[in-house]
Amino acid sequence: MLQINQLKRELGNKKTVFGLLNSIPSPLLVEMIGYAGYDFVILDMEHICVNPETIENMIRAAECAGITPLVRVPDANPGTILRALDCGAQGIVVPHVQSRAEAEQAVAAARYYPAGKRGISGGRTTGFGTIDLLTYFERANSEIMVVVMIEDKEGVENLDDILSVPGIDMVLEGAIDLSQSYGVPGQPLHPHVQHAIDKIALTCLNRSIPFCAVPRASSRSEIEQKYCIQAYLLGDDRGVGCRAIKAHLAGFKQLD
């Protein structure tokens with residue numbers, strides 16, 4: 001059954017929140033991330049081969065562990081968004097949003113009338129009928145988040161138009177893809193890329209839309225304070241896990 005979106009509540013109360021991108025499709029790992037104390041997890045369907053049944057079980061694991069599950073869909077296709085939400089996701093993350101039209105399509109696919117035109121279904125999202133449909137429609141429109149990713153030069157150039165679309169709940173930067181779009185691939189700290197991220201953060205601040213930063217350098221902390229950033233995506237579980245495993249081994253090797 002659709003849960004209260006604690007991430008949305010915390011952002012509304014101006015609290016700082018921390019999330020992790022999930023790139024290892026395992027319910028157990030999602031549950032672990034929740035009990036580790038993260039506020040939200042982004043389940044990746046853009047770059048990761050994962051079937052809908054597994055995503056649904058990963059969302060269940062997030063619900064059990066008290067962490068808000070968002071799903072990064074491959075695109076703004078209404079059918080793709082519909083399936084993620086019908087699995088129980090409390091929000092969608094839409095990559096490579098470059099225009100107002102794409103933002104409008106994503107919002108419309110994630111909301112019921114009058115805010116959108118999401119297809120109607122029951123099942124686990126209504127608690128198998130525990131919540132009547134009219135109540136569910138109202139609750140879903142209030143609780144489910146739409147997060148857009150700005151990770152292209154075109155998206156930065158069209159930012160004002162994109163963020164003028166009603167119903168966008170958070171903006172996430174994509175510095176790695178931005179670096180390619182600006183002609184400096186693989187250089188997320190390049191001045192061109194950082195200037196673009198600053199523009200995204202400032203525009204979000206001016207429109208009172210939460211901006212989610214991906215920390216890559218400690219020198220950015222003053223800038224993040226300047227833009228009153230509340231949300232941080234702290235990398236992905238593959239990177240965190242690999243570094244932890246390497247450090248664990250290195251620690252024992254130093255004992256020799």
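Modeller: What follows begins with the barrel and its strand pairings, and then turns to a loop serine, an aromatic cluster, a helix proline and the cysteines.

Please keep in mind throughout that this is a predicted model. The barrel is closed by eight strands, which follow one another in the order β1-β2-β3-β4-β5-β6-β7-β8 with parallel pairing, and from one strand to the next the twist averages 30 degrees.

Strand β7 (residues 211-213) is paired with β8 in the parallel sense over two bridges, and here Ala213 has Tyr232 of β8 as its bridge partner. Strand β8, which spans residues 231-236, also pairs with β1, again in the parallel sense and over four bridges, with Gly19 standing opposite Leu233 of β8.

Is Ser23 buried or exposed? Its relative accessible area is 5%, and because anything under 20% counts as buried, Ser23 is classed as buried. The side chain of Ser23 makes a polar contact, at 3.2 Å, with the side chain of Asp236, a residue that lies within the 231-236 span of strand β8. When residues up to four places away in sequence are left aside, Ser23 touches Ile48, Asp236, Asp237 and Arg238.

Turning to the aromatic side chains, the model has four aromatic pairs. In one of them, the ring centres of Tyr112 and Phe137 lie 4.5 Å apart and the ring planes meet at 40 degrees, so the pair is tilted. This pair links distant parts of the chain, since Tyr112 sits in the loop between α5 (100-110) and α6 (133-143) while Phe137 belongs to helix α6, 25 residues apart. Both partners are buried, Tyr112 with a relative accessible area of 2% and Phe137 with 16% relative accessibility. Together with Tyr136, Tyr112 and Phe137 form one aromatic cluster.

Pro78 and Gly88 are 10 residues apart in sequence, and their C-alpha atoms are 16 Å apart in space.

Finally, there are the cysteines: the structure holds zero disulfides. For Cys87, the closest cysteine sulfur is that of Cys64, and at 15 Å the two are too far apart for a bond; Cys87 is buried, with a relative accessible area of 8%. For Cys212, the closest cysteine sulfur is in Cys204, and that separation of 10 Å is likewise too far for a bond. Cys212 falls within the 211-213 span of strand β7, and at 1% relative accessibility Cys212 counts as buried.

Methods. Residues numbered from 1 in each chain as written. Predicted model: local features only at pLDDT ≥ 70, side-chain atom pairs only at ≥ 80, totals over all residues. Heavy atoms only, no water. Phe/Tyr/Trp six-rings, centres within 6.5 Å; stacked < 30°, edge-to-face > 60°. Buried < 20%, exposed > 50% of the residue type's maximum accessible area, 1.4 Å probe, protein only. Pairing = 2+ DSSP bridges. Axes fitted to C-alpha atoms, helices over the stretch in contact; angles between N-to-C directions. Polar contact = N/O pair within 3.5 Å; in protein donor to acceptor, adjacent residues only side chain to side chain. Contact = heavy atoms within 4.5 Å. Disulfide = S-S within 2.5 Å.
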